[in-house]
Every structure is written in C-alpha cells, then in structure tokens.
Amino acid sequence: VLPDDLLARLERQDPLSVQRLRHNLATILADRLDATNRQVAGFMRGSPERVPLEARVVADAPTVHQAPPLAPSAEAAVRLEERLLEEAGFPQSGTLLELGARDGHTSLLLARLFPDARIVGVEPDPVRCARAEALATATGLDDHCTFLAGAPERIPLESGIVDGAYARLLFQRLADPVAVLRELRRVVRPGGRIVLLDIDDGGVMVHPEPAGFPALLARLAEIRAARGGDRRVGRRLPDLLQRSGLDDVDARVL
C-alpha cells in the first residue's frame, strides 16, 4: 500500500517519528505473526485456537508516542550489557567513545551509566547519525551526547582525546580489524580503556536444536564473510588486541 521510498523520504524530514513508525509497524507485524503461529500450532494439535487477528492488532497496537516493550530476553541482554559497562573500568568523567554507534541507543545507555562523562558516537552512515542525534534530543541527552559521521578506520577525533572506547558488535563486520584497533589506540589516551563486545557463532549451543540450525549458522557465516566480516570473530579478539600493540588484554565469555 505504501510507496517503496515513503519512509526514506519521511526520515529526512523527521527521523524520530519515522523511528517510532518503524517500531509500531514491526509490533503490528509481530502480533500478526504470533497470532498466526498460535493458530497453526493449534491445528497441528488438532484443537485450533481461534484468534481474531484484526481485533488483536487493534487492541495491542501502540500509539506513535509509545515504544513497544522489550521482550524478557532483550531486557536481560540490556541488563547484562549494563553490568559489563559498569565493570569495564571506564572513568566516571572525561570522554567516552562508542565506535559504530548506529542509531545511538548504546551511546545513550553510556550517557545514563556515566552521567559525568561526555559521550561521542561515531557512525559511518550519516542518516543513522542524524537519527541518533534526534533520539538524543528526544530523550533530553543532546547536551551529553555528540554524534559524528566517520569510518572506523578514520575516526574524526584528535589523537589521545578519548578516555575510554566501546565497540559493540562492530568487529564481526570489519575487513581489517587491526587497522581499526590501531585507530582506536590513536584516539584513546595512554592508560585509557578499550572494550569490545562481539559474537562467536562457534560457541552457540541450542537444545533441543531445531532442524537446519547448523545450516543457518553456516549460511550466516558465508554472507558475513562475503562482505569481508567474520561471524566467529569473538575468539580472535584477544589476539587482535595484542597485535595492535595494546597492553593488559583480558577476555570474558558472556
């Protein structure tokens, strides 16, 4: 029903409203899929659940002023990340960098956890940078956070200006992670802390394992490798950090 480029055109005018619209559309689609899934499961059991799809969507769809609630697993992930950042050894004041800030959510989390620090988010996509700025303004953190457009290999900051840096799920996407780490080493002052959080699909265990799950992981790895990344970068991080000339390297499995 909607033109293909509608959201892209609206996003240039009002990125925050478009972000809310995306959340709401995703919630509506998720509700429909959930209801359909329960109907199919009921037919497989021989006792179909009659779920009025349209009525459920109308009843549960949030207004444009609300964000959909996080699922319990997502809330647990946020709490885990908060704990990781609190224990990361970042200074309570000074300047903290998030490299690969995307839409700004993690930079805003840093701002809430370190209210006396200045947060700088660097993101290569200027559209996402604008979206992050709008989100910071909407949450009242625009005086606390700054977002800059820039590539990870060429961080638009002076040398030694950052007290701590955080990169979340970025290194799986990088073709030259050592070059990015050396750039982080350049902008972080001597004695500052660099923290990386990333994935390793080789450590994923699921029980009971769904049919086709190993094939899915293998396909994801192929897609990421074709784009120059690595879905098993987690195990490589300590070695990459040491090869970049950084000291006191430590690794934790979460």
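Modeller: Helices and strands are taken here as DSSP runs, numbered from the N terminus, with helices being H or I runs of at least four residues and strands being E runs of at least two. The model is predicted, so that local features need pLDDT of at least 70 and side-chain atom pairs count only at pLDDT 80 or more, whereas totals for chains, interfaces and linings use all residues. Residues are numbered from 1 along each chain as its sequence is written, and side-chain values use heavy atoms, with hydrogens and water left out.

The part I would examine is Ser 107, which lies in helix α5. Ser 107 counts as buried because its relative accessibility is 0%, where buried means under 20% relative accessible area, exposed means over 50% and partly exposed lies in between, for a 1.4 Å probe and protein chains only. Contact, which means heavy atoms within 4.5 Å, links Ser 107 to Glu 98, Ala 101, Ile 119, Gly 121, Cys 145 and Phe 147, once its neighbours within four places in sequence are set aside.

At the contact itself, Glu 81, Glu 82, Leu 85 and Glu 86 of α4 meet Thr 106, Leu 109, Leu 110 and Leu 113 of α5. By class, this contact has four nonpolar, one polar and three charged residues, where Ala, Val, Leu, Ile, Met, Phe, Trp, Tyr, Cys and Pro count as nonpolar, Asp, Glu, Lys and Arg as charged, and the others, Gly among them, as polar.

As for the rest of the chain, its secondary structure comes to nine helices and five strands, and buried residues make up 37% of its 254 residues. Among contacts between residues at least 6 apart in sequence, 70% join residues at least 24 apart. Helix α7 (residues 177–187) has buried residues that include Val 180, Leu 181 and Leu 184, and the buried residues of α7 pack against β1 (93–99), β4 (162–168), β5 (188–197) and α9.

Leu 169, in the loop between β4 and α7, has a positive phi of about 55 degrees although it is not a glycine, and Leu 169 counts as partly exposed because its relative accessibility is 28%. In the loop between β5 and α8 (213–226) lies Pro 208, which is joined to His 207 by a cis peptide bond with omega of about -5 degrees.
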